[in-house]
Amino acid sequence: MGDLSWVTDPPPAPAIRYRIVSVDDHLIEPPDTFEGRLPAGLADRAPRLVTDPDGRQAWEYEGRRYPNIGLNAVVGRPRDEWSMDAANFDEMRRGCWDVHARIADMDLAGIAASVCFPSLIAGFSGSVFSQSSDGELGLACVRAWNDWHLDVWAGTHPGRIIPTQITWLREPEVAAAEVRANAVRGFRALSFAEMPARLGLPSLHTGHWDPMLRACEETDTVVCLHTGSSSWVPLPCDDPPFELLPTLFSMNAYLTAADWLWSGVCTRFPRLRLALSEGGLGWVNMLADRADYVLDHSASGTESRGWRDARRPSEVLAEQFWFCSIDDPSSLGAVLDRFGPDHVMLEVDYPHADSTWPDTQALVHERLGHLPDEVVSKLTHANAEELFRWPTP
């Protein structure tokens, strides 16, 4: 494990100018996440933290190991010690996995509330559990994770964490029932697979997912589509340097939004709300222009299934999609000019390598400080509060 260097705890931001709701952060599930949360007959097969003879920790589930990748939890560490190597809990800043410490770190950067996505043991969309060899065990793990998230991660400090669920990807009818039950419990969002077909599941174009999407529409549950939630990146080669992967995150968002647009999902469910996470903004205008052009040209031939919405694709994109930005200095203004400020939100991405923490306030001021106060309020917190129905303290 070696010696660790820790950056001294940063002081609170010198000026908390902005109330920020981050719509894309992450949590590292603590070792006791699943304890006492599965039926007795399945408890001994729940995910558990194990330590190898060399001292490295990993989650073990159904005979497979799921380490906590270092770059997923590097806040508080000097940059020259960042790596993809597995990280033990004592090598992470406590705010990665301890909710009390997380709230303290949020306070340091002026973050009023946060949407937190799962880590590798669950997969961003719960894909690990949905791919379980034992379906009964997998569904029990989905429910246990949601129980822990609601009771502990979101419930310990009310108002600070926006409850976000995973669901059972094998059966849309079961997923729909879970969404409805969880809405009653207080969940506001669902972390779903951005491109289900990339997980070996039916595509959006089949109508397979309609029962679950109908439940999301009826309960005002926001469908969050996080880059990487389908375990796929459009790599152009088999031997990429690591830097190529995060460079292509915006391509995932473009492909995802295009797929959802042309699937007809938004036509069938016109009140469904889709939030794309960690994809940035640079692709948004490009997709709007291209999709409208395709509708007027390529879609006019006999090979097309036909666009069955009275709206143009760009109008659907403007009405039912929300976008989040971590830092888009060149494209923010263009998106605001084209679509207005109502569907753009901010992310902090704590505790990943991309995170703006603890300098979030300074960056937000640099990027947004010149905009009208009303626009700044929308981007920093008001849009997220309205979308997730979550007035922050």
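**Entry 1: nonpolar cores.** I looked up the largest nonpolar core and found 97 residues, of which F129, W260 and F321 touch the most other members. Helix α3 (residues 135-153) contributes most to this core, with nine residues. I took a nonpolar core as a set of buried Ala, Val, Leu, Ile, Met, Phe, Trp, Tyr and Cys residues joined through side-chain atoms within 4.5 Å. Buried means under 20% relative accessible area, exposed over 50%, and partly exposed in between, with a 1.4 Å probe and protein chains only. Another core of 17 residues lies apart from it, including V23, I162, A189 and V222.

**Basis.** The model is predicted: local features need pLDDT of at least 70, side-chain atom pairs count only at pLDDT 80 or more, and totals for chains, interfaces and linings use all residues. Residues are numbered from 1 along each chain as its sequence is written, and side-chain values use heavy atoms, with hydrogens and water left out.

**Entry 2: F321.** Not counting residues up to four places away in sequence, I found F321 touching A257, W260, L261, C266, L274, L276, V316 and H343. Contact here means heavy atoms within 4.5 Å.

**Entry 3: α7 and α10.** I noted that α7 (249-262) and α10 (313-320) pack at an angle of about 110°, with axes 11 Å apart. α7 is therefore roughly perpendicular to α10. Axes are lines fitted to C-alpha atoms, for helices over the stretch in contact, and angles run from 0 to 180 degrees between N-to-C directions. Angles under 35 degrees count as roughly parallel, over 145 as roughly antiparallel, 65 to 115 as roughly perpendicular, and the rest as oblique. A257, L261 and W262 in α7 meet P313, V316 and L317 in α10. By class, this contact has six nonpolar, no polar and no charged residues.

**Entry 4: α9.** I listed the buried residues of α9 as V284, N285, L287, A288, A291, D292, V294 and L295. These pack against α7, α10, β11 (321-325) and α11. Helices (H or I, at least four residues) and strands (E, at least two) are DSSP runs, numbered from the N terminus. Helix α9 (residues 284-296) and helix α11 (residues 332-339) pack at about 45°, with axes 9 Å apart, and are therefore oblique to each other. V284, N285, A288, D289 and D292 in α9 meet A334, V335, R338 and F339 in α11.

**Entry 5: S119.** I located S119 in the loop between β5 (111-117) and α2 (127-130). S119 is buried, with a relative accessible area of 5%. Leaving aside neighbours within four places in sequence, S119 contacts L27, I28, E29, N68 and F124.

Methods
Ala, Val, Leu, Ile, Met, Phe, Trp, Tyr, Cys and Pro count as nonpolar, Asp, Glu, Lys and Arg as charged, and the others, Gly among them, as polar.
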